[in-house]
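Hello,

Here is the structure I promised to pass on to you. Please have a look at it, and then read on for my notes.

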Amino acid sequence: HSQRKNKNSLTPERLERFNALGFSWDTLSEQWEEGFNKIQSFTEREGHCKVPRGHKEDTFSLDSWVSSQRRNKNNLTSERLERLNSLGFVWDPLSEYWEEGFQKLLQFKEREGHCGVPTEHKESGHALGNWVSNQRQKKDVISKECILRLDAQGFVWDPNSEKWEEGNNKLQDFKSREGHCNVPAIHKEDKIKLGRWVGTQRGNKNNLTPEKIERLNKLGFVWDPLSEYWEEGFNLLREFTEIEGHCRVPRRYKVFAFALGNWVYSQRKNKDSLTPERLER
């Protein structure tokens with residue numbers, strides 16, 4: 001330390017002898033070069049510069065070195081900035097995290113047609129559901145530019161819509177398996193009370209957005225289960241009549257699982273409450 005401090009007072013002969021040994025006159029430069037070599041090794045191995053918190057590279061505290069570069073960016077020489085940029089150095093990890101999440105959201109929307117990401121959904125290994133929740137919780141502090149970019153994609157800010165998306169996704173799972181959207185009232189789909197959710201959509205149809213109604217209609221959603229049941233019974237009765245030549249369906253007669261005999265009995269019993277259109281048919 002004393003030799004570095006008094007470098008200018010050393011004789012040329014002593015300076016030459018120190019230099020011949022490869023003596024480092026600038027320990028800060030030496031430490032910086034060591035850090036750069038470590039992050040270069042890290043990048044070559046991992047394929048990126050995103051050093052995890054607390055990470056050490058061969059006992060060297062690389063995470064601390066990286067944080068120091070970010071804090072002192074304005075004091076770094078243009079040569080050092082250029083060398084770090086050539087590695088793809090991440091100067092703002094929060095922005096990097098945001099951009100990664102946004103790209104995953106675009107990927108999700110391109111496939112699904114909307115931004116209603118389920119809470120626990122992962123997109124190509126990225127916890128996109130958590131990222132989406134963070135945007136909602138931190139809407140007041142994220143930049144206007146980020147908000148505009150999300151709005152342009154039809155981002156859902158209302159956390160209640162998140163529950164709607166979860167129900168809609170479970171309805172899709174139900175239909176893929178069963179081939180229809182006639183969910184029993186007490187049915188649960190992966191612990192989600194899907195039957196109750198379906199009933200809520202019917203009760204709140206007038207308050208749903210046109211976009212939600214359109215998405216449900218594309219699934220073949222049953223808004224009026226009684227009308228759906230009546231239409232199914234009428235169509236089966238018409239088929240029975242075409243085959244048998246009459247409408248006298250035995251009381252216990254069934255077509256697959258549909259109790260057509262009971263349906264016919266119910267029409268006779270409730271004749272006075274049928275609409276003129278149904279009576280005519």
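A residue counts here as buried when its relative accessible area is under 20%, as exposed when that area is over 50%, and as partly exposed in between, with a 1.4 Å probe and protein chains only. Please keep in mind that this is a predicted model: local features need pLDDT of at least 70, side-chain atom pairs count only at pLDDT 80 or more, and totals for chains, interfaces and linings use all residues. Residues are numbered from 1 along each chain as its sequence is written, and side-chain values use heavy atoms, with hydrogens and water left out.

Let me start with the cysteines. Taking a disulfide as a pair of cysteine sulfur atoms within 2.5 Å, the count is zero. Cys 115 is in no disulfide, and the nearest cysteine sulfur, that of Cys 146, is 14 Å away, which is too far for a bond. Cys 115 is buried, because its relative accessibility is 3%. Cys 146 counts as buried too, at 13%.

Next, the helix pairs. Helices are DSSP runs of H or I with at least four residues (strands are runs of E with at least two), numbered from the N terminus. Axes are lines fitted to C-alpha atoms, for helices over the stretch in contact, and angles run from 0 to 180 degrees between N-to-C directions.

Helix α6 (residues 93-112) packs on helix α7 (residues 128-137) at about 115°, with the axes 10 Å apart. The two are therefore roughly perpendicular (65 to 115 degrees; under 35 is roughly parallel, over 145 roughly antiparallel, and the rest oblique). Their contact (heavy atoms within 4.5 Å) includes Tyr 97, Trp 98 and Phe 102 of α6 and Leu 128, Trp 131 and Val 132 of α7. By class, the contact has eight nonpolar, three polar and one charged residues. Nonpolar covers Ala, Val, Leu, Ile, Met, Phe, Trp, Tyr, Cys and Pro; charged covers Asp, Glu, Lys and Arg; the others, Gly among them, are polar.

In the second pair, the axes of helix α12 (residues 225-244) and helix α13 (residues 260-269) come within 10 Å and cross at roughly 105°, which makes α12 roughly perpendicular to α13. Among the residues that meet are Tyr 229, Trp 230 and Phe 234 in α12 and Leu 260, Trp 263 and Val 264 in α13. This contact divides into nine nonpolar, two polar and no charged residues.

Finally, Lys 163 sits in helix α9 (residues 159-178) and is exposed, at 60%.

Best wishes
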